[in-house]
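Visitor: I would like to go through this model with you, one question at a time. Please state the cut-offs behind each term as it comes up.

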Amino acid sequence: MQKVDRLDWAAGFSLKSYGVRIGIRSNNPAYLARVHEHLPHNWEKMSSPIVDRLYSIVIGGEGARPNIRRFNLLYGNHVRLARSIELDEVFNTLESDLRLFVAELARGRVFVHAGVVGWEGRAVVVPGRSYTGKSTLVAELVRAGATYYSDEYAVFDSRGRVHPFPGPLQIRQEGGFKQTKIDVAQLGGRPGSKPLPVGLVLVTQFKKGARWRPRNLSSGAGALELLSNTVSARRSPASALDAFDNAVVGAQIVKGARGEAQEIVPFILERISKNR
Amino acid sequence: MKTTPNRTPATANGEPRARKDDLIVKEMPDEVLVYDLVRDKAHCLNRTAALVWNYCDGRTGAAAMTGRLERELNVPVDERVVWLALNQLSKNYLLEEQIVPPPLMAGINRRQMMRALGVAAVVAVPVVTSIVAPTPAQAQSCRGPGVPCNNDNQCCSLNCLGIGTNRVCA
């Protein structure tokens, strides 16, 4: 038995998200409800205790003596993922690790690190790494009337359609690294609910002062761009290629550095409308 | 366990054979996507490169491939175009054996080839575009330099530095 299993676990539950089974337990049941805020949107409780990954949360708090505080700890299976006085830090680590685990092992879905909005029944997919300005662009598109699908993952099915993966937008202040969570309603937008075919794949990155001069890419190059941001690219490349093959058919693929997000929003929406 | 295919150099006159093992091949209308399970690399072959790769049956030489390519594309094709395709396929481990280009191809890249052959040849220039497939950690949201972290995977740099609780991303 591992050391973490010998601790005193007061409560726990198991859940399923995209076919991936997750267990969560804690030494303090009062904090277990807080976990719900950090779960992917479509999770459901399950009764089976057999899971693919088990998270253990140790709530520290006040120590035995005054002026001593115990660390809050988070384990993924038997590996310590977080150790912090700040409880938020522990829950944020739980959220990002859990999402990544689900994204990698999801059954029947391919997760691409991308921002997604819907416009006139088509999805605009903006794949890219962190700090490329995906969330900022998604927020601008939502302000312009697009339907919000995700600012973190584009979730593809085998037919190449994109499903919503809603959650608060995480916007960084210019030049900073700290993220602020913003609900889509605060931007005057609404979340999407139906899967959409892809209308436009926009491969772009924020570059201060850049002039928007996009070039068209072929379908194959578009599929490569999606694959280079796919969480399960190495684990299940065949599923990813199947999904992208269907996704890029009939879609426009555009690449280029951009300046301010609002400068290219009209181009994006017009491009989709013209291609209908 | 993944193994690297055994590659022996072939002469310039050798007939190349396309690699079949440990590849996932996805044919698209004008392109072919190939995923190399050994190296975790993905390639996109444009039509010319895909046709040349298709001709690599171990029996067809570059001269014969040139003729087939001309008939297929319906444009005049220089043999150097075929060698350029073979060279790219070989570099990306998509042939069973390594290709040694003939002297006329020594040191010529795609751009120089386009310049040498002129505009008419541009339609037939073979292109193999490649990427390295990301690990899950590379394809997730990550934290920038100076942001508190608990493990390497949380950082864009994959490097969480520090001691005890004072750890930040490099």
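Guide: Let us begin with accessibility: buried means under 20% relative accessible area, exposed means over 50%, and partly exposed lies in between, with a 1.4 Å probe and protein chains only. This is a predicted model, in which local features need pLDDT of at least 70, side-chain atom pairs count only at pLDDT 80 or more, and totals for chains, interfaces and linings use all residues. Residues are numbered from 1 along each chain as its sequence is written, chains are lettered from A and ligands numbered from 1 in the order in which they are written, and side-chain values use heavy atoms, with hydrogens and water left out.

Visitor: Is Glu270(A) buried or partly exposed, and at what relative accessibility?
Guide: Glu270(A) belongs to helix 6 (residues 261-274) of chain A, where helices (H or I, at least four residues) and strands (E, at least two) are DSSP runs, numbered from the N terminus. Its C-alpha atom is separated by 21 Å from that of Pro191(A), 79 residues apart along the chain. By the cut-offs above, Glu270(A) counts as partly exposed, at a relative accessibility of 44%.

Visitor: What radius of gyration does chain A have?
Guide: The secondary structure of chain A comes to six helices and 18 strands. For its 276 residues the globule rule gives 19 Å, and the chain comes close to that, so it is as compact as a globular protein of that length. The quantity is taken over C-alpha atoms, and the rule is 2.2 Å times the number of residues to the power 0.38. The radius of gyration of chain A is 20 Å.

Visitor: What share of the contacts in chain A with a separation of 6 or more joins residues 24 or more positions apart?
Guide: Contact means heavy atoms within 4.5 Å. The C-alpha trace of chain A spans about 65 × 40 × 30 Å along its principal axes, and buried residues make up 53% of the chain. Among its contacts with a separation of 6 or more, the share from residues 24 or more positions apart is 66%.

Visitor: Which residues are in contact with Val4(A), leaving aside its neighbours within four places in sequence?
Guide: Val4(A) sits in the segment before strand 1 of chain A and is buried, with a relative accessible area of 6%. Val4(A) and Asn77(A) are 73 residues apart in sequence, and their C-alpha atoms are 8.7 Å apart in space. With those neighbours left aside, the residues in contact with Val4(A) are Trp9(A), Arg25(A), Ser56(A), Tyr75(A), Asn77(A) and His78(A).

Visitor: How many of the 19 residues of helix 2 of chain A are buried?
Guide: Helix 2 covers residues 87-105, and its end C-alpha atoms are 27 Å apart, which agrees with the 27 Å that it should span at 1.5 Å a residue; the expected span is 1.5 Å times one less than the number of residues. The helix is largely enclosed by the rest of the structure, because the number of buried residues is 15.

Visitor: Which residue with a positive phi follows helix 5 of chain A?
Guide: Helix 5 (residues 237-248) has 12 residues and reaches 16 Å from its first C-alpha to its last, close to the 16 Å expected. Its buried residues include Pro237(A), Leu241(A), Phe244(A) and Val248(A). The helix is followed by a residue whose phi is near 85°, namely Gly250(A).

Visitor: What phi does Tyr18(A) have?
Guide: Tyr18(A) lies in the loop between strand 1 (11-17) and strand 2 (20-26) of chain A, and at 11% relative accessibility it counts as buried. Although Tyr18(A) is not a glycine, its phi is positive, at about 50°.

Visitor: And in chain B, what phi does Asp22(B) have?
Guide: Asp22(B) is placed in the segment before strand 1 (23-27) of chain B, and at 40% relative accessibility it counts as partly exposed. For this residue, which is other than glycine, phi takes a positive value near 55°.

Visitor: Which pattern does chain B follow along the sequence?
Guide: Chain B comes to five helices and six strands, and 47% of its 170 residues count as buried. Read along the sequence, the pattern is β-β-β-α-α-α-α-α-β-β-β.
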